[in-house]
Amino acid sequence: MYKRVLLKLSGEALASDSGIFSREVLEDVAAQIKTVVEDGIEVAIVVGGGNFVRGRMADELGIDRTQVDSMGMLGTVINALAIQGALEAQGVPTRVQTAIDMIKVAEPYIPRRAVRHLEKGRVVVFGAGTGSAFFSTDTTAALRASEIKADVILMAKNGVDGVYDSDPRLNPNAKRYESLSYKDVLQQELAVMDSTATSMCMDNDIDLIVFNMNEKNNIIKAARGEATATRVAREV
């Protein structure tokens, strides 16, 4: 069992077929995180904004990539506030910190303050990505995990229970890896995280656990080291 984890959630995973958010998913994620906190594990969260905006929309909309990335960062703040609301509805003290100052709705991101919140048993949700365009929320997760000295990044995937040698949704014979090194990920160009995030995790010796968040209680199992998953590390 880990002492401090950073949970990476995608924005799309929070959505329903008919809307930007699924109440059922938010309540389930919050309930699992509550259990993890009650286990004595400190929890930080980085959430994406894909249920609002994705980088590829720059070409689709004819808008500059920098503007689209700014839109996406604001989307992550909305998601962070939604997660905060779901957690607090279940009695879990939560703080949202953002890389872009918006003091009316959240604290500015300050690493020492974030760590202090974690030490007091509060969940900290990081919004607005890195605060700069051209960086993914995967890179944000690697950066924040490095800054708060997290033991591991728990990467919750939507319907995929680890890292495969090819897309398991297209190839029924795809092989799931039990463990990989970051060098393997980079050399084989495996779709785990972008190369910037992968290199940062490797350089800072942060393990990555890739698991399927759609399986029942899998966030809890991942935090306890019990989930079916792929472990990515500097050395394996």
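Where is the place of Ile 63? Select Ile 63 and you will find it in the loop between α2 (57-61) and α3, where helices (H or I, at least four residues) and strands (E, at least two) are DSSP runs numbered from the N terminus.

Before going on, note that this is a predicted model, in which local features need pLDDT of at least 70 and side-chain atom pairs count only at pLDDT 80 or more, while totals for chains, interfaces and linings use all residues. Residues are numbered from 1 along each chain as its sequence is written, and side-chain values use heavy atoms, with hydrogens and water left out.

Ile 63 is partly exposed, with a relative accessible area of 32%; here buried means under 20% relative accessible area, exposed over 50%, and partly exposed in between (1.4 Å probe, protein chains only).

**Second stop: the pockets**

Rolling a probe the size of a water molecule over the atoms shows where empty space is left. On a 1 Å grid over the protein atoms alone, a pocket is an open set of points with protein on both sides within 12 Å along at least five of seven lines, a cavity is a set where a 1.4 Å probe fits but cannot get out, and lining residues have an atom within 4 Å of a point. Grid points are joined across faces, edges and corners, and a volume is the space filled by probe spheres set on the points.

The largest pocket holds about 1100 Å³ of space. Select Lys 8, Glu 12, Arg 54, Asp 138 and Lys 157, which are the closest to its centre among the 44 residues that line this pocket. Next colour β1 (4-9), α3 (65-89), α5 (137-148) and β6 (152-157), each of which supplies at least two residues of the lining of the largest pocket, with α3 giving the largest share, six residues. By class, the lining of the largest pocket has 17 nonpolar, 15 polar and 12 charged residues; Ala, Val, Leu, Ile, Met, Phe, Trp, Tyr, Cys and Pro count as nonpolar, Asp, Glu, Lys and Arg as charged, and the others, Gly among them, as polar.

The second largest pocket contains about 180 Å³ of space, and its lining includes Ala 13, Glu 24, Asp 28, Asn 158 and Met 213. Its lining is made up of four nonpolar, four polar and four charged residues.

How many cavities of 30 Å³ or more does the structure hold? There is one, and the largest cavity has about 40 Å³ of space. To see its lining, select Val 5, Leu 7, Ile 33, Val 36, Val 43, Leu 154, Ile 219 and Ala 223; by class, these are eight nonpolar residues, with no polar and no charged ones. At least two lining residues of the largest cavity come from each of β1, α1 (23-38) and α8 (218-223).

Side chains of opposite charge can pair when their charged atoms come close. With a salt bridge taken as a side-chain nitrogen of Lys or Arg within 4 Å of a carboxyl oxygen of Asp or Glu, the count comes to 13.

Select Lys 3 and Glu 42, whose side chains meet in a salt bridge (3.2 Å, N to O). Lys 3 lies in the segment before β1 and Glu 42 in strand β2 (residues 42-47), so the pair ties together parts that are 39 residues apart in sequence. Lys 3 is exposed, at a relative accessible area of 51%, whereas Glu 42 is buried, at 11%.
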